[in-house]
Amino acid sequence: MIKTETHGRAGLIRLDRPEALNALSDALMEELGAALLGFDADPAIGAIVITGSERAFAAGADIREMQDRRFPGTFREDFIGARWETVLRVRKPVIAAVAGFALGGGCELAMMCDIVLAADTAKFGQPEITLGIIPGAGGTQRLARAVGKSKAMEMVLTGRVLSAEEAERANLVARVVPAAELLAEAIKVAERIAALSPVAAAMAKQAINVAFESTLREGVRHERQLFLSLFGSADQREGMAAFLDKRKPRFGEG
């Protein structure tokens, strides 16, 4: 249900369930989680890309699997939490390369990633309300933080789907690129990140995530602690020496 590749120091995970437009089943999410943790533990990998197909990044959660689920069984099994949130445990930067549909759980999965690159064919939405439910993998929370209250309300309450261009204007995605260039661009970004200091990248990711979970004062204090902790690291010494020597730095501290 997934395929993995490496491109230099970039790890690529491709969702591969074409018969269901990459609907996110329990089995697929188990495989995705294992692949993410495998790349995260691999010192040869510096950044990770998750992508789907030209037609769909992921068209949502698997409705056939969800239809017969009932509470409190879903609570006991920790549905969503047990399998879907592994990406949040990954310390290396994760890039979502989205083409086609990213709806419901697919949109939520993209928002869990650190950078979202969209093909000009991408479509984003949270249509759960049309099924008599609401987003359950962080959709209402991350969407509101990304696009603001009014647009999040419109998307969640009506199920309206955004084009890639509107998603970029709304700050849901970092950039829109032609569909034919999406994967190459995502790998290029991942390789650029992977070429830099791995410890600094992990700390930068952590600091930005804290910005969404704390007050400004607490966030700046956390950033300052991480910033100061990098002084004396091998990568800090190398980066600054290379700058002064006018040469390319050779990073590598784990």
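1. M203, Q206, A207 and V210 of helix α9 meet G219, H222, L226 and S229 of helix α10, where contact means heavy atoms within 4.5 Å. The model is predicted, so local features need pLDDT of at least 70 and side-chain atom pairs count only at pLDDT 80 or more, while totals for chains, interfaces and linings use all residues. Residues are numbered from 1 along each chain as its sequence is written, and side-chain values use heavy atoms, with hydrogens and water left out.

2. Helix α9 spans residues 198-211 and helix α10 residues 216-229; their axes come within 9 Å and cross at roughly 170°. That makes α9 roughly antiparallel to α10 (angles over 145 degrees; under 35 is roughly parallel, 65 to 115 roughly perpendicular, the rest oblique). Axes are lines fitted to C-alpha atoms, for helices over the stretch in contact, and angles run from 0 to 180 degrees between N-to-C directions. By class, the contact of α9 with α10 has 4 nonpolar, 4 polar and no charged residues (nonpolar: Ala, Val, Leu, Ile, Met, Phe, Trp, Tyr, Cys and Pro; charged: Asp, Glu, Lys and Arg; polar: the others, Gly among them).

3. For helix α5 (residues 139-147) and helix α6 (residues 149-158), the axes come within 7 Å and cross at roughly 135°. The two helices are therefore oblique to each other. From α5 the contact takes T140, L143, A144 and V147, and from α6 K149, K151, A152, M155 and V156. By class, this contact of α5 with α6 has 6 nonpolar, 1 polar and 2 charged residues.

4. G148 lies in the loop between α5 and α6. G148 counts as partly exposed because its relative accessibility is 25% (buried is under 20% relative accessible area, exposed over 50%, partly exposed in between, with a 1.4 Å probe and protein chains only). The C-alpha atoms of G148 and N171 are separated by 9.2 Å, with the two residues 23 apart along the chain.

5. The open sheet has 6 strands in the order β1-β2-β3-β5-β7-β10, with mixed pairing. Its edge strands are β1 (2-7) and β10 (175-177), each of which pairs on one side only. From one strand to the next the twist averages 20°. Strands pair if DSSP finds at least two bridges between them; helices (H or I, at least four residues) and strands (E, at least two) are DSSP runs numbered from the N terminus.

6. β1 and β2 run antiparallel and are joined by 6 bridges. They form a hairpin with 2 residues between them, and G8 in the turn has a positive phi of about 65°. E5 has L12 of β2 as its bridge partner, and L12 in turn has V49 of β3 as a bridge partner. The pairing of β2 with β3 is parallel, over 5 bridges. Of the 6 residues of β2 (residues 10-15), 5 are buried.

7. Strand β5 (residues 94-98) runs parallel to β7 (residues 115-119), with 4 bridges joining them. Another 4 bridges join β3 (residues 47-51) to β5, again in parallel. A96 of β5 stands opposite I50 and has V116 as its bridge partner in β7.

8. Is β5 covered on one face or both? Both faces are covered: V94, A96 and V98 on one side and I95 and A97 on the other are all buried.
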